[in-house]
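This report describes how parts of one protein chain pack against each other. Please keep the sequence and the 3D view at hand while reading.

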Amino acid sequence: MTEAVTVVARIHPDPERITDAAAAVRAAVEGIRSEGGCVQYDPHLADDGTIVIVERWASREALAAHNTGAPVQVLRDGLKGLTVAPTEVTVAVEF
């Protein structure tokens, strides 16, 4: 049985560049949502100024393909120079 995977990614934009970072995330969303196995990909701006992305993938294989795919590279390239700390990523499965 293939188990769905939930991911929470927290991006730490430079406080002076939040608008630019949000635009970079928005530019990647459609491509990521169209990837095989993407069930959910929803970015949010948190009260602390971070960008939190809640993701659900149909399987670990779908997540692995996403992590090496072109759509997420659009996100990585768009965020270059706009963050003050590495992105934190938590991967979880239901139990």
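## Helices H1 and H3

The axes of H1 and H3 come within 8 Å and cross at roughly 175 degrees. Axes here are lines fitted to C-alpha atoms, for helices over the stretch in contact, and angles run from 0 to 180 degrees between N-to-C directions. H1 and H3 are therefore roughly antiparallel to each other, a label used for angles over 145 degrees.

On the H1 side the contact (heavy atoms within 4.5 Å) is made by Ala21, Ala24, Val25, Ala27, Ala28, Gly31 and Ile32. H3 contributes Pro71, Val72, Val74, Leu75, Gly78 and Leu79. Eleven of the contact residues are nonpolar, two are polar and none is charged. In this count Ala, Val, Leu, Ile, Met, Phe, Trp, Tyr, Cys and Pro are nonpolar, Asp, Glu, Lys and Arg are charged, and the others, Gly among them, are polar.

## Basis of the model

This is a predicted model, in which local features need pLDDT of at least 70 and side-chain atom pairs count only at pLDDT 80 or more, while totals for chains, interfaces and linings use all residues. Residues are numbered from 1 along each chain as its sequence is written, and side-chain values use heavy atoms, with hydrogens and water left out. Helices (H or I, at least four residues) and strands (E, at least two) are DSSP runs, numbered from the N terminus.

## Buried residues of H1

In H1, the buried residues are Ala21, Ala24, Val25, Ala28, Val29 and Ile32. Buried means under 20% relative accessible area, exposed over 50%, and partly exposed in between (1.4 Å probe, protein chains only). Among the elements that cover these H1 residues are E1, E2, E3, H2 and H3.

## The nonpolar core

The largest nonpolar core has 20 residues, of which Val25, Tyr41, Ile53, Trp57 and Leu79 touch the most other members. Such a core is a set of buried Ala, Val, Leu, Ile, Met, Phe, Trp, Tyr and Cys residues joined through side-chain atoms within 4.5 Å. H1 supplies the largest share of this core, six residues.

Leaving out residues up to four places away in sequence, Tyr41 touches Val29, Ile32, Arg33, Ile53, Val54, Glu55, Trp57, His66 and Leu75.

His66 lies in helix H2 and is buried, with a relative accessible area of 3%. Its contacts include Ile32, Tyr41 and Val72.

Ala70 belongs to helix H3 and is exposed, with a relative accessible area of 59%.

Conventions: Angles under 35 degrees count as roughly parallel, over 145 as roughly antiparallel, 65 to 115 as roughly perpendicular and the rest as oblique.
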